[in-house]
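Welcome to this short briefing. Please have a look at the chain below before reading on.

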Amino acid sequence: MRILLDTDVIVAAMRSPRGASAELLRRIDNGKATMLLSVALALEYEAKCMLAEHRLPAGLSVAEASAYIDGLIAMAEPVTSHFRWRPQLHDPGDELVLEAAVNGRAAAIVTFNEKDLREARQSFGIEVIRPGEALKRIDP
């Protein structure tokens with residue numbers, strides 16, 4: 001299954017290593033799913049994960065948070081944007097997520113922000129699901 005992880009899922013995995021988001025990353029690392037990632041989204045992951053408000057509750061130093069991001073990038077299949085699909089969503093901040101999902105031919109966007117990304121399904125046929133649902137679909 002080809003999936004794109006929204007930044008909120010990446011932050012949740014970092015902050016809660018026993019939660020569904022972290023388990024999803026472990027399954028991706030084990031080859032059960034393919035994580036898609038564009039350069040723009042990787043930069044957003046890095047910016048959010050390096051913030052003290054997320055890094056410190058996770059108990060990570062700057063170097064450890066950087067290693068976490070490097071690991072994510074290493075696991076991912078790179079997505080090159082051949083087409084810009086903007087604007088499609090109400091929140092301009094979510095456009096890079098949708099754009100990477102469409103260009104990467106994702107089956108699903110995994111997010112806690114289902115409401116703002118629902119147009120992905122309506123316009124492009126990409127499912128918008130939570131991490132727990134992704135786990136069920138990857139390994140039923």
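Is Arg105 buried or exposed? Arg105 is exposed, at a relative accessible area of 60% (exposed means over 50%, buried under 20% and partly exposed in between, with a 1.4 Å probe and protein chains only). This is a predicted model, in which local features need pLDDT of at least 70 and side-chain atom pairs count only at pLDDT 80 or more, while totals for chains, interfaces and linings use all residues. Residues are numbered from 1 along each chain as its sequence is written, and side-chain values use heavy atoms, leaving out hydrogens and water.

**The loop residue**
- Arg105 lies in the loop between helix 6 (95–103) and strand 4; helices (H or I, at least four residues) and strands (E, at least two) are DSSP runs, numbered from the N terminus.
- Although Arg105 is not a glycine, its phi is positive, at about 55°.

- Five strands form an open sheet in the order 3-2-1-4-5, with parallel pairing (two strands pair if DSSP finds at least two bridges between them).
- Strand 3 (77–78) and strand 5 (127–129) are at the edges with a single partner strand each, so one side of each has no neighbour in the sheet.
- Three bridges join strand 4 (residues 108–110) to strand 5 in the parallel sense, and Ile109 stands opposite Val128 in strand 5.

**The helix pair**
- Leu25, Ile28 and Asp29 of helix 2 meet Tyr68, Leu72 and Met75 of helix 5 (contact means heavy atoms within 4.5 Å).
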